[in-house]
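User: Please go through this model with me. I would like to see each label set against its definition.

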Amino acid sequence: MSKVKVATVWLDGCSGCHMSFLDMDERLVELATKVDIVYSPLVDPKNFPDMVDVTLVEGAVSSTDDFNKILKIREHTKILVSLGDCAVTSNVPCMRNVYSVEEVLDRAYVQNAAVGKKPPTKIVPKLFDKVRPVHEVVKVDVFVPGCPPSADTIHFVLTELIAGRIPDTNAITRFGA
Amino acid sequence: MSPMTAQVVTLKIDGQDVSAHENDSILTAAREHGVFIPTLCNLDGLTTLGACRLCLVEMAGSPKLLPACTTKVSEGMEVVTSSERIAKYRRMVIELLFAEGNHICAVCVSNGHCELQSMAQTVGMTHVSVPYLYPKRTVDASHERFTVDHNRCILCMRCVRVCDEIEGAHTWDVMGRGTAAKVITDMNQPWGTSDTCTSCGKCVHVCPTGSLFEKTASVSEMLKRRHFLPYLTMMREEVE
């Protein structure tokens with residue numbers, strides 16, 4: 001049996017969902033016999049593959065970079081999973097939505113800066129006016145709330161998907177869990 | 001409690017024959033017979049309002065869904081409390097509440113003890129399918145002991161009702177319409193400057209979300225104690 005191709009991606013989030021992924025500990029060894037992690041902040045490849053079976057998306061869509069990434073990922077993914085509250089609800093990143101981008105940048109790069117009091121203009125991707133949950137940008141197939149979802153929850157989601165079932169996580173996780 | 005003269009009526013709830021006092025609501029009758037109907041604005045010990053629409057039920061002969069809390073039972077009534085249609089509307093009610101405010105469970109004082117949060121799980125809400133509004137709302141921390149965070153308010157009016165009906169102060173009220181509606185203290189002034197507030201804290205403890213909380217509480221720490229309410233109401237009725 002060929003292995004299931006899995007990708008994970010980190011948009012506007014704190015990486016806590018990826019930490020929770022790693023918290024699966026010894027179960028990762030067992031998963032590795034059934035799954036290939038083909039793209040992730042945790043592995044080397046820099047380009048998203050042609051087609052993957054499952055992509056776990058951590059984080060909300062906040063910038064041009066997030067936007068371009070998620071469009072490409074959707075196009076090359078069979079089952080897209082919104083992993084964690086930032087992806088599902090926009091969570092903490094969306095707390096800036098009541099302010100303008102100028103106000104946010106001013107707060108971060110001028111008011112609270114010790115040196116070089118100026119917002120960056122090069123390399124750093126442009127922020128959108130509003131942070132959005134992933135499903136407001138592309139179609140999402142599975143929603144896994146939690147901040148972060150526990151290692152048990154992520155393990156359940158992956159084993160269900162590997163078995164060809166769409167997981168129902170309502171009983172084991174919730175918003176803010 | 002219904003008066004002694006109340007008549008008993010019989011009706012059907014989910015196909016089961018039940019009897020109830022004629023003054024009872026569908027919600028009361030259902031609960032007495034162990035039928036669960038979800039609610040948010042309803043609270044034992046306060047008058048019923050019908051604000052949250054979560055308790056909507058189907059009734060034979062009515063094309064509309066009706067709120068179980070404010071609809072009285074009647075003879076021969078046939079009520080259905082759970083169906084695909086009802087489940088859809090209940091999920092929609094919760095999704096709209098999440099979309100209309102700024103509910104960030106992960107950083108909320110009521111995380112893990114919030115009625116809105118647990119109701120999302122109860123009705124099986126996987127995500128909010130309408131666009132979030134991200135309204136610009138305020139936080140008033142001018143009171144010595146309590147804070148009101150309007151971002152988390154779902155306008156259930158429990159605070160307004162408990163302050164008026166139980167404490168008798170009527171510090172809380174509501175102003176504005178639609179998405180601009182908000183709870184206010186006295187003449188829409190900072191809570192700390194209110195002349196009528198007795199600082200009893202009843203509003204804080206009946207609030208279903210983290211909108212009203214004690215200043216000592218950090219994330220997940222605001223435990224609400226509201227079991228006192230039905231006893232308070234009951235004892236007062238017995239004296240009368």
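**Labels and their criteria**

Analyst: In chain B, 62% of the contacts between residues at least 6 apart in sequence join residues at least 24 apart, where a contact means that two C-beta atoms, placed from the backbone, lie within 7 Å. For chain A the corresponding share is 81%. This is a predicted model, in which local features need pLDDT of at least 70 and side-chain atom pairs count only at pLDDT 80 or more, while totals for chains, interfaces and linings use all residues. Residues are numbered from 1 along each chain as its sequence is written, and chains are lettered from A and ligands numbered from 1 in the order in which they are written.

User: How do you know what confidence the predictor gives chain B?

Analyst: The score is pLDDT, the predictor's confidence in each residue, from 0 to 100. Chain B averages 95, and 97% of its residues score at least 70. The model as a whole has ipTM 0.93 and pTM 0.94.

User: What makes chain B as compact as a globular protein of its length?

Analyst: Chain B has 6 helices and 10 strands; helices (H or I, at least four residues) and strands (E, at least two) are DSSP runs, numbered from the N terminus. Its radius of gyration is 19 Å, close to the 18 Å that the globule rule gives for 240 residues, so the chain is as compact as a globular protein of that length. The radius is taken over C-alpha atoms, and the rule is 2.2 Å times the number of residues to the power 0.38. The C-alpha atoms of chain B fill a box of roughly 55 × 50 × 30 Å along the principal axes.

User: How does the radius of gyration of chain A agree with that of a compact globule?

Analyst: For 177 residues a compact globule would have a radius near 16 Å, and chain A has 17 Å, which agrees. The box for the C-alpha atoms of chain A, taken along the principal axes, is roughly 55 × 35 × 30 Å. Chain A contains 6 helices and 7 strands, in the order β-α-α-β-β-β-α-β-α-α-β-β-α from the N terminus.

User: Why is Lys88(B) called exposed?

Analyst: Lys88(B) has 11 C-beta neighbours inside 10 Å, so it counts as exposed. Lys88(B) lies in helix 2 (residues 84-100) of chain B. Between Lys88(B) and Ala106(B) there are 18 residues in sequence and 26 Å in space, C-alpha to C-alpha.

User: What is buried in helix 4 of chain B, and what does it pack against?

Analyst: In this helix (residues 158-167), Arg158(B), Cys159(B), Val160(B), Arg161(B), Val162(B) and Cys163(B) are buried. The buried residues of helix 4 pack against strand 8 (172-175), strand 9 (182-185), helix 5 (202-206) and strand 10 (212-214) of chain B. Just after helix 4, Gly168(B) takes a positive phi of about 75 degrees.

User: Why are strand 2 and strand 4 of chain B said to stand at the edges?

Analyst: Chain B has an open sheet of 5 strands in the order 2-1-5-3-4, with mixed pairing. Strand 2 (16-21) and strand 4 (66-67) each have a single partner strand, so one side of each is left without a neighbour in the sheet. Two strands pair if DSSP finds at least two bridges between them. Strand 3 (residues 56-59) and strand 5 (residues 78-80) of chain B are joined by 2 bridges and run antiparallel. Met59(B) has Val79(B) in strand 5 as its bridge partner.

User: What makes strand 5 of chain A mostly covered, and which strands pair with it?

Analyst: Of the 7 residues in strand 5 (residues 77-83) of chain A, 5 are buried. Strand 3 (residues 52-58) of chain A runs parallel to strand 5 and is joined to it by 6 bridges, with Thr55(A) opposite Leu80(A). Strand 7 (residues 142-144) of chain A also pairs with strand 5 in the parallel sense, over 3 bridges, and there Leu83(A) stands opposite Val144(A).

User: How many residues does each chain bring to the contact between chain A and chain B?

Analyst: Chain B gives 17 residues and chain A gives 19. The side of chain B that touches chain A divides into 10 nonpolar, 6 polar and 1 charged. Ala, Val, Leu, Ile, Met, Phe, Trp, Tyr, Cys and Pro count as nonpolar, Asp, Glu, Lys and Arg as charged, and the others, Gly among them, as polar.

Terms used: A residue is buried if 20 or more other C-beta atoms lie within 10 Å of its own, exposed if 12 or fewer, and partly exposed in between; C-beta atoms are placed from the backbone.
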